[in-house]
Amino acid sequence: MPIIKPLRALCLVGSLVAACSGPTYETAIPFVAVSPAVYVAKVKMILVGLPPTDAEVAAVVADPNALGGLVDGWMQLPQYGDKMQVFFELAFQQTQISDLNFVDIAPPNGLGNGKALPLLVQNARESYARTVLAITAAGRPLTDAFKTKQLMLTPALMQLYAYLDTHRADDLGKINDVFAKANPTVKITMENSAPRVSLVDATTPGNPSFLHFHNPDLATQAYPFAGCMGLDPYSIPIRSDLLFDIFYGELPPHNDATNELCPIHAGTGKGLQLDATDFTAWKLVTIRQPNAGEPTTQFFDIATLRSATELVLDTPRVGYFTTPAFDANWPTNASNQMRVTINQALIVATGAAIDGTDGTIPMTTPGLDADHAGPGTACFGCHQLLDPTRSVLASTYSWFYVPQTDAALIHQPGQFAFQHVVTPVQTIDDLATQLANHPLMPAAWVQKLCYYVNSAPCDPDDVEFQRIVGDFASSNFSWDRLVRDMMTSPITTNAAATKTHITNGEVIAVARRDHLCAALDNRLGFYDICQLDAADQIGTPTTIAQIVSGMPSDGYGRGSTIPVLPNQPTLFYRGGIENICVQVSQMVIDATPDPRQPGAKVWTSTAPDAAIAEFVALVMGLTPSDPRSAQVTTALTAHFTAAQAGPTPATATDALRSTFVVACLSPSFIGIGM
Amino acid sequence: MSISRRNVLMSTLFGAGYVGLRALATGIPAGVLLRGSRALASDPAMTCANKQKAQYVIMQTSSNGDPLNANAPGTYATTGPLSTIAHNPDTMLMAPTALALRGKQTMAAAPWAALDQRVLDRMGVWHIMTNTPVHPREPDVLGLLGATTPNEMLPSLLAKQLAPCLGTIQNEPITLGATSPSEGLRFEGRALPIIPPLALKATLTNPAGPLAGITNLQKIRDQTLAQIDAIYRSTATKAQAAYVDELITSQSQVRSINQDLLSALAAIKDNSVASQIAAAVILFQMNVSPVIAIHIPFGGDNHNDTGLVTEAAQTVSGLATIGAMMTTLGSTPAVNGATGKMIDQVSFVSLNVFGRTIGPANTDGRQHNPNHQVSLTIGKHFAGGVIGGVEPVGTDFGALPIDGIAPIDTLGAFGKTVMAAVGIDQDFIDKAVSTGKVVPSALA
């Protein structure tokens, strides 16, 4: 560990004026400024996944302050939004879920077994991040996102919200099927041979074909009983969970003529009732609770969902910690009683957890688990904060995140008590406000960005870090201002000494999955080459998709206040990257145009010099004026030549592909900060 | 500029000791030459305490805190407090059944008795206390609750010590089965990636078919890559140079993998537990790492499990998986120059974040139990038997002391005993783990 103590003399090193206004430090690690060619490449890679140009590097060499203008320009590119979306999905803990996780919030069968469920889950993962992007793009503060009741949703996702509002499990897991209870005589009919009913007719109450669903799988599914085979049509009593599953192509359980049970079938996917656009038509939707006597939105009414910009639900929703993705990520139960929910919500907002180190003293302790954590017990330290703070969640929601029905819990008061903020909260809106306004919030979000940009934390004692935090707060939490500030800071560029550099050294990290895949897409013109999008995951995953599933990726662990960031190039990283590069090489060298990848770069082995020049500039990100550019060009050219020589000469195509692989494996493509 | 002239220029730019070029010339990675922090496991600076006793380790871990402790040997009695334990009500799948662990009679749910007697005779059933009811403390439990020096996880301690004995390509453990980053491993403070079996297969398998022509150019490509690395290193800062060295090391490790064994990866079709085990065996055959972490479900976080149906089903499947794994190891030839079968070279160890409550009320689900967790040790150097036991603690049950070791220290004792069983030096064990002591009766 470096020795850290005040030493103002270091102000003479570098040009960090801000650092010199506060304490400075000496270190066992001598500081060496990183060149503009390297840090311009790093910043552009992080922001948009693209390589720098000669002009951009030259501008920064001439005037380091030019980086700010470049960052402004890059932030206008569509790739910036794509990368920030991934960041927000992780930062707000909306990812790391699959359809299986929904069993814990929609018991007993979750979302069913439909083939298209990955599309819905991806919608759920993206929704809140898209919301944040919409809010920040409108110039509103990031804190507005914490409190928003307006979310970016697709019709499919709106349907999920409305379904969860209908299929309600109480604290004991007992289901209250609100729609079925109100419409006990309604039946669902599945049919194939009858004339196809439009989805709008099938989902419009009062229509003669209401809840008649066409599914061609009726004719082909195998059943254990002969009487079930090809049964067409058949009807079942209304049940919201079965109805929801039908939208995803499932064939519900039913009885044959002899009353044998024909079990549920996931179907082939041909029976999917929703359109592709139901998963792609994003819009801002306001979620509100009904006025007196007002009906709630019906989850099956797809025509309304497609046109509406409002969802009327009994279940209140606000900000990031009440989304289905967050709930599915952090299921609670009769033992946990929302403690995981509040702890993860605190981690997201403030970067801190209830871990027994918080000296906050609550005024009262509503909801305290006296059996387990009464005063004087070892557990009291955490529970005196955890239990009151989660109380408002427990009074609002059952353990399955639908409206609470336990009268005692509903009337239990809430008190926010965390990191020296102690205040009563009556609603989850109050909770959202406390999270948004918490004094730890600004530093926490600067720190999250530090991890994303530099693969390591900023030193909280770094005056440069503190300056960025202050600027973030004084900018009314302008996210884009913060990004610009961070990207141009010596904390990121290492163009000047900072305490963070002294603490961490200069961190060079592998291009983790999201950065790598974005770079491949954006530099080579691919659309989702890694198949990260669920819509591209239908069928057998490609070799690239299989490899990236094991690549180092950004993640978060339960209870952990810091992200999980595998940074080092293990043998698996190296081997995986090599195989990815080989796969990509056949798509970009002498390749037949792929209609699924209309924008993909294609180089020809008949013009190797031009191809190699682009490998250096586009893939390796070395501009012509970079002294390394000429050297690597020579080496790559020699490789192309050597590959076609020798006792078993390679074809020109394979030689150029191999040359591409070398470029693709170069330190500057697979390492951030090279 | 000619190649030779360029190389000459590069060598002059290459920094202290010409490390990169020496690596290029000798085939020894620059990381090793630099004695970097992530040198190859074969680094002679790392010593082996007992090569004969060294074992590969498959480590099962779950941050769910599965109810493995709810039906294991040592939790059954017909009288006294243990007779009130809420065992699984499924009288078919989970019926209390007598079995013997190395000649010692005991009782457990039926799936335990279905294990081969040779497995049971090598199976230690540890009743220990992890002292936490909190899922996020999975990494801490793997680090024996802070008792390790330096603060290292047990699988990483094992891997680092076993690597020089086994001559593995790397000294970090590998995680194949973690279901979330919470179950990921750390090594020397670094997060290690989670590599599911399918990803492993796609990562290590050389492209073939139409891409074989590129694979055939691997050797010449490596030479060019070395030149490229040298170019980057010539203008690098110290940190950048270190990164290039890491790349060189990892490249060398990739090339160290026995290509003849890659075809075995073709059998992996999914990320199931069976595939995790198959991948672990192949990785041992390739001698990649001494320790592989997997995840076998044994009922999961079963707060809501009406009639404990899932617990029963996954206990059956989980123990059957262990049985199948032992059968595979028993029929697979030993590796690394040894004779016999791999079953004598591979130890299986399990450690979950906590166990479940097993008091009488737990019939439709179970809660977290900080006082009782069951770990398994199976291997040549482990003795079959129940180690420790349970006693009433509060309204539930907790671990008993083991050979005078207080329950709070049984986790450390477990770690120490595992380390002793695989031949790690006692002095090192005592320095590396500050709590508990080796339990001789658990060793064969």
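**Figure 1. The side of chain B that touches chain A in the predicted model.** In this predicted model, 58 residues of chain B are in contact with 63 residues of chain A. Elements giving two or more residues to this side of chain B are helix 1 (3–13), strand 7 (190–191), helix 8 (197–204), helix 9 (212–215), helix 10 (218–234) and helix 11 (238–256) of chain B. Helix 11 of chain B gives the most, with eleven residues. Sorted by class, the side of chain B that touches chain A has 32 nonpolar, 19 polar and seven charged residues.

**Figure 2. Helix 28 of chain A against helix 10 of chain B.** The axes of helix 28 (residues 627–643) of chain A and helix 10 of chain B come within 10 Å and cross at roughly 175 degrees. An angle over 145 degrees counts as roughly antiparallel, and the two helices are therefore roughly antiparallel to each other. From helix 28 of chain A, the contact is made by A:Arg628, A:Gln631, A:Val632, A:Ala635, A:His639, A:Ala642 and A:Ala643. Helix 10 of chain B contributes B:Ile220, B:Thr224, B:Gln227, B:Ile228, B:Ile231 and B:Tyr232. By class, this contact has eight nonpolar, four polar and one charged residues.

Figure 3. Strand 4 (residues 123–128) and strand 12 (residues 373–378) of chain B pair in the antiparallel sense over six bridges. B:Trp126 stands opposite B:Ser375, which is in strand 12 of chain B.

**Figure 4. Helix 11 of chain A and its buried residues.** Eight of the eight residues of helix 11 (residues 240–247) of chain A are buried, so this helix is largely enclosed by the rest of the structure. Among them are A:Asp241 and A:Asp245, along with A:Leu242, A:Leu243, A:Phe244 and A:Ile246. A:Gly249 follows helix 11 of chain A and has a positive phi, near 95 degrees.

**Figure 5. A:Leu120 in the largest nonpolar core.** The core has 327 residues, of which A:Leu120, A:Val446 and B:Ala280 touch the most other members. Leaving out residues up to four places away in sequence, A:Leu120 touches A:Leu111, A:Ala156, A:Leu157 and A:Leu160.

Figure 6. Most residues other than glycine have a negative phi, and most peptide bonds are trans. A cis peptide bond joins A:Pro107 and A:Pro108, with omega about 0 degrees; A:Pro108 is in the loop between helix 5 (78–91) and helix 6 (117–137) of chain A. The bond from A:Asp232 to A:Pro233 is also cis, with omega near -5 degrees, and A:Pro233 lies in the loop between strand 5 (212–214) and strand 6 (234–237) of chain A. A:Gln337 has a positive phi of about 50 degrees and counts as buried, with 21 C-beta neighbours inside 10 Å. B:Asp403 has a positive phi of about 50 degrees and counts as partly exposed, with 15 C-beta neighbours inside 10 Å.

Note on methods:
Residues are numbered from 1 along each chain as its sequence is written. Chains are lettered from A and ligands numbered from 1 in the order in which they are written. This is a predicted model: local features need pLDDT of at least 70, side-chain atom pairs count only at pLDDT 80 or more; totals for chains, interfaces and linings use all residues. A residue is buried if 20 or more other C-beta atoms lie within 10 Å of its own, exposed if 12 or fewer, and partly exposed in between; C-beta atoms are placed from the backbone. Helices (H or I, at least four residues) and strands (E, at least two) are DSSP runs, numbered from the N terminus. Two residues are in contact if their C-beta atoms, placed from the backbone, lie within 7 Å. Ala, Val, Leu, Ile, Met, Phe, Trp, Tyr, Cys and Pro count as nonpolar, Asp, Glu, Lys and Arg as charged, and the others, Gly among them, as polar. Axes are lines fitted to C-alpha atoms, for helices over the stretch in contact, and angles run from 0 to 180 degrees between N-to-C directions. Angles under 35 degrees count as roughly parallel, over 145 as roughly antiparallel, 65 to 115 as roughly perpendicular and the rest as oblique. Two strands pair if DSSP finds at least two bridges between them. A nonpolar core is a set of buried Ala, Val, Leu, Ile, Met, Phe, Trp, Tyr and Cys residues joined through C-beta atoms within 7 Å.
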